[in-house]
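This report walks through some of the sheets, helices and contacts of one structure. Please keep the sequence and the 3D view open while reading.

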Amino acid sequence: MIAIVAKLIARRLLAAVPILLVVSALLFCILRLLPVDPAAMSLPPNATIEEIEAKRHEMGLDRPLPEQYLIWLNDALHGDFGRSIQFRREAGSLVAATLPVTIELATAAMVLAGIFGVSGGLLLFHLRGTLLEPVADLASILLLSIPEFLWGLILLFVFGVLLQALPFTGQVAPDLPLPHVTGFLLLDALLVGRFDVFLSACQHLILPVFALGLAFSPTIMRVLRSSLFDVYHEDYIQQARLRGLSEQRILLKHALKNASLPTLTLAGVQFGILFSGTLLIEVIYSFPGMGNLMVDAVRNADLPLIQAIGLTYCIVVLVINTVVDSLYVVLNPKLRVR
Amino acid sequence: MVLKLQRRSFLQLALGTAATIGTSARIAFAATNDAVTIGWPNDVPSWDPNQRFTPDAQPVFKAVFDQPLDQDPKLKLIPHLIKNWNLAPDALSMAIELRDDVTFHNGDPMTTEDFRYTFFERIKSGIKLDTANSWKKVDDIVIESPTKATMKFNSPAPTAPQWMAFLGSYVVPKKYIEGQGYDNFLKNPIGTGPYKLAEYELNSRIVLERNDKYWGPKAKIGRVTIEIVKDPSARVAAIQSGQVDCTLNVPVREVERFNKEGGFAAEIDPITRVILLNVRADLAFADKNVRLAAHHAIDKAALSKAFYGGAAVPLSVLATPGTPGYLPDFSFKYDPGLAKELLAKSNFSPANPVKIGLAATNGQFPSDYDIARAIVQMWKNVGIEADLQVIEYAKYFELNRGGKLPEATLYSWDNATGDPEIFSGYQLNPKMPFSPWKDEDIGQKVLTLFGVADYDKRIAGYRDLERYAVENGATMPLLQSVLTVVRKHNLAYTKYDNGWVLPQTLQWT
């Protein structure tokens, strides 16, 4: 099985090369075709028109688009994604500094979405045919219709403002330091032995994680329920009943495992969407992640930074898809047959 | 039984944890008398204060670094690191004398070597600095002693003293940067300011600690935490929940709500920022009657009342009250009847409207898009049909450069100095990228004023220009913009006319 998974990963890595090339070219062209002037944005407001023209020349913006792209690609292959116009720092280093925050937030949210999604899906399935089914169905549709930023505002208002039970700005309390080891705050707090920082970081994660988790769990719930319905029409479920197995055992030991495969595929797709969904949540909760950085970059027409962040999102999605496909191979014996 | 016990234990554990989390969260909100937390709308772009002109970051820079000259709350230029200055009558040189008791945060004394390095050497060294643009006229800085030097300009620099207290003009430590390296300076910046940078997390927070060896008045509060909260609703929630002690730039309606409900001190302060319509000299606006009619048709007082609680002062010139270029006796009237008459002279009426375009940002400054919509309606009543287009601020310069802006564009312009060169001088200078107004007559007047060395003559010239530009429809000033501040009642700060909220002026009362 390990060999099959390794082969799959190798295949995916090979396929990622043309995908990244196409995405980077598309991103580059779209950004350059926008009616914004990075040269003017990179100069102070009292720069003259002549100085802006000189800057355009210096930045290579007066060259043909394919030539500009090839220069960018060559630099990118050497690890240079350009300098941020706004921050005057390497775009790559800015992305590297903010990516762990977003990964931590998105991963915690995905775990929560998975827990809510699976337990909610099981509950919905369990309530089938009962009087409560339409109520549960309606509740899941209602949950589905609330986007993550709205959850963000609702939770902030209820638990932050009304109840004043949880903090909602930044990653830790103002009087605590932020340790820097790996960039993953929870891990860093434990590594430096600051449990007060760890506890504070957990408190600050609760609301944004719930906002994202609640927004993404209903889809998982509904897909799991549908998959369970399908699985329950299979012969082996009837045979399990004939063998005298309890309904609970049939559900948890037999049906859930098979129904989880489409759910897993969906969760992979959802994780990609959730990762980009951190953008608004990071702004609302003042999380210094990549989404927050993206908002700055867009506001300032910081094309090198937008390009670097866009490409990072693409890489993250490719990695998630590879992980999900690998898990699929692990969980589904049919895929391991050569 | 075992299962029940486990379940009970689990519930107790969960509730206990929740209570602990809740309690410690509340403890975290409590403020001490020697600390304050501010909800700030934007991060600093870099810790090199000479690098980027970002108006919102200036109060943060002013806490860590010092400017050669400063402004008092009424924006009068006052000595700071520079004790005395003397701009030559031809504005081709400026002699300065620095204080002799200033040290950087690492203990190094601040001298004319640092001054020369900041305003000449590092600019010439090729580091990409915005100050390279403001100080491009500097030919040399001749050092006479550790405290005395003379700046030499290659062309008249009449606003050099004003720029000494403006965007990006902060003295940085030569020895430290050259010795420790530029990258280290960006990570561990030191200045001569009243606060030291204790901690910085990109897009998250800035922690400042009082510089007890500061040469000037010591800051009243020992530790200032600036939480970067970009979302206005989150800033409102943060102050309301007590997670921050003070915040800025919240929606005007929220300030009104805070004032009604009590509990917090909430203010709408007019500042040296103008909201105006930048106009073209061609297309349908080639007709002066149409331009003037468009201006007469705008009820600025109604805009102020509707969108800024009446706190934004209606403007007739491109300068704010109290600044040198302001004309208190000149008023450009709201007169829809006159607007109709002017349009009638050009054969336009509500039945046969003149068609123009109006561009506006949505969210660049408070209520921008709503103001634009209201103007469209006001214009419609007199016979001007405007097609409203939303543009990104970042696109403004590109559209202007390509001559693609419509007849009018709603714009906001900040000028912390209050000097008229940086108001109408910059806005109407045809060689600068701001104004779509390209016209020889006004352009030549502006360019002449850029070389006038005598202060009184320069100010008088700008006052004439402002009136002339408005009377000819070359610009349409609308309102003085506002800054909103919400704070705890017992937290005081010094109000500056340009909207600075300086950490070193905060104090608990």
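Which residue is the bridge partner of B:Ile96 in S7(B)? The partner is B:Ala149, and the sheet that holds this pair is described below.

## Basis of the description

This is a predicted model, in which local features need pLDDT of at least 70 and side-chain atom pairs count only at pLDDT 80 or more, while totals for chains, interfaces and linings use all residues. Residues are numbered from 1 along each chain as its sequence is written, and chains are lettered from A, with ligands numbered from 1, in the order in which they are written.

## The four-stranded sheet of chain B

Helices (H or I, at least four residues) and strands (E, at least two) are DSSP runs, numbered from the N terminus, and two strands pair if DSSP finds at least two bridges between them. In chain B, 4 strands form an open sheet with antiparallel pairing, in the order S4-S5-S7-S6. Strand S4 (82–87) and strand S6 (138–143) of chain B stand at its edges, and each has a single partner strand, so one side of each is left without a neighbour in the sheet. Neighbouring strands are turned against each other by 20 degrees on average, direction ignored.

Strand S5 (residues 93–98) and strand S7 (residues 148–153) of chain B run antiparallel and are joined by 5 bridges. Helix H3 (residues 112–124) of chain B packs on this sheet and touches S5, S6 and S7 of chain B, its direction making about 175 degrees with that of S6(B). Contact here requires that the C-beta atoms of two residues, placed from the backbone, lie within 7 Å, and angles run from 0 to 180 degrees between N-to-C directions, with axes fitted to C-alpha atoms, for helices over the stretch in contact.

## The ten-stranded sheet of chain B

A further open sheet of chain B has 10 strands with mixed pairing, in the order S8-S9-S10-S1-S11-S16-S12-S15-S13-S14. Its edges are strand S8 (195–201) and strand S14 (384–390) of chain B, each with a single partner strand, so one side of each is left without a neighbour in the sheet. From one strand to the next, the twist averages 25 degrees.

S8(B) and strand S9 (residues 205–210) of chain B run antiparallel and are joined by 6 bridges, and the bridge partner of B:Glu201 in S9(B) is B:Arg205. Helix H9 (residues 252–261) of chain B packs on the sheet, where it touches strand S12 (264–279) and strand S16 (475–488) of chain B, and its direction makes about 160 degrees with that of S12(B). Helix H11 (residues 300–308) of chain B also lies across S12 and S16 of chain B, and runs at about 25 degrees to S16(B).

## A helix pair in chain B

The axes of helix H10 (residues 288–296) and helix H12 (residues 336–345) of chain B come within 8 Å and cross at roughly 165 degrees. That makes H10(B) roughly antiparallel to H12(B), a term for angles over 145 degrees. In their contact, B:Asn289, B:Val290, B:Leu292, B:Ala293 and B:His296 of H10(B) meet B:Leu338, B:Ala339, B:Leu342, B:Leu343 and B:Lys345 of H12(B).

## Where the chains meet

The contact between the chains takes 47 residues from chain A and 47 residues from chain B. On the side of chain A that touches chain B, H7(A) gives the most, with 5 residues.

Terms used:
Angles under 35 degrees count as roughly parallel, over 145 as roughly antiparallel, 65 to 115 as roughly perpendicular and the rest as oblique.
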